[in-house]
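User: I would like to go through the aromatic side chains of this protein. Could we begin with charges over rings?

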Amino acid sequence: MPDQLDPTRRPAPSAIVVAESVADWRGHEVVDLDGDKLGRLEDVFYDVESDEPVFVTVKMGGLLGRRLTLVAIAGASVTPDVLRVNYRKAEVRDAPTYDPDQALTVDQEAGAYQHYGLTYAEGPGGGARRLARR
């Protein structure tokens with residue numbers, strides 16, 4: 001007889017859903033804390049030491065003046081259709097922007113961390129970037 005799971009030994013279900021890869025949400029909508037649409041997820045920036053996702057870039061704005069905005073994903077949640085970040089639209093609108101045709105600078109990284117109230121430390125080797133886009 002094949003091994004069967006004993007239902008009395010299963011862990012209790014959790015209300016928290018963990019996304020195994022935020023990168024899977026590329027192209028999906030990103031919404032704010034209140035469910036207001038921010039834009040589409042474009043890229044994910046990972047911490048070079050921990051290999052954890054820290055920021056996503058979101059396409060915001062109308063046809064003119066489109067920009068990629070860095071959005072921290074600490075406390076974010078996912079549904080099958082959207083990534084909900086833990087910030088309001090006004091906070092994200094004032095966040096640092098990113099030009100995908102240029103490398104993110106250490107100053108831009110530090111500014112993004114500061115904007116979202118996150119602790120920033122330069123990457124390994126002093127003066128090196130902390131984030132890598134994938």
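User: Which residue lies over the face of Tyr 46?

Analyst: The model is a predicted one. In this model, Arg 134 is placed over the face of Tyr 46, at 3.9 Å from the ring centre.

User: Now to rings with rings. How many aromatic pairs are found in the whole structure?

Analyst: Five aromatic pairs turn up when the whole structure is searched. One of them is formed by Phe 45 and Tyr 98, with ring centres 5.2 Å apart. Their planes stand at 85 degrees, and an angle over 60 counts as edge-to-face, so this pair is edge-to-face.

User: Where do Phe 45 and Tyr 98 lie?

Analyst: Phe 45 belongs to strand E2 (residues 37-47) and Tyr 98 to strand E7 (residues 97-98). The pair therefore ties together parts that are 53 residues apart in sequence.

User: Is Phe 45 buried or exposed? And what about Tyr 98?

Analyst: Phe 45 has 1% relative accessibility and so counts as buried. Tyr 98, at 6% relative accessibility, counts as buried.

User: Why is the pair of Phe 55 and Tyr 113 edge-to-face?

Analyst: The planes of Phe 55 and Tyr 113 are at 75 degrees, with the ring centres 5.2 Å apart, so the pair is edge-to-face. Phe 55 sits in strand E3 (residues 53-60) and Tyr 113 in helix H2 (residues 106-115), so that the pair links distant parts of the chain, 58 residues apart. Both residues, Phe 55 and Tyr 113, are buried.

User: Which residues form one aromatic cluster with Phe 55?

Analyst: Phe 55 forms one aromatic cluster with Tyr 87, Tyr 113, Tyr 116 and Tyr 120.

How values were computed: Residues are numbered from 1 along each chain as its sequence is written. This is a predicted model: local features need pLDDT of at least 70, side-chain atom pairs count only at pLDDT 80 or more; totals for chains, interfaces and linings use all residues. Side-chain values use heavy atoms; hydrogens and water are left out. Rings of Phe, Tyr and Trp (its six-membered ring) pair if their centres lie within 6.5 Å; planes under 30 degrees apart count as stacked, over 60 as edge-to-face and the rest as tilted. Helices (H or I, at least four residues) and strands (E, at least two) are DSSP runs, numbered from the N terminus. Buried means under 20% relative accessible area, exposed over 50%, partly exposed in between (1.4 Å probe, protein chains only). A charge sits over a ring if NZ of Lys or CZ of Arg is within 6 Å of the ring centre and within 35 degrees of the ring normal.
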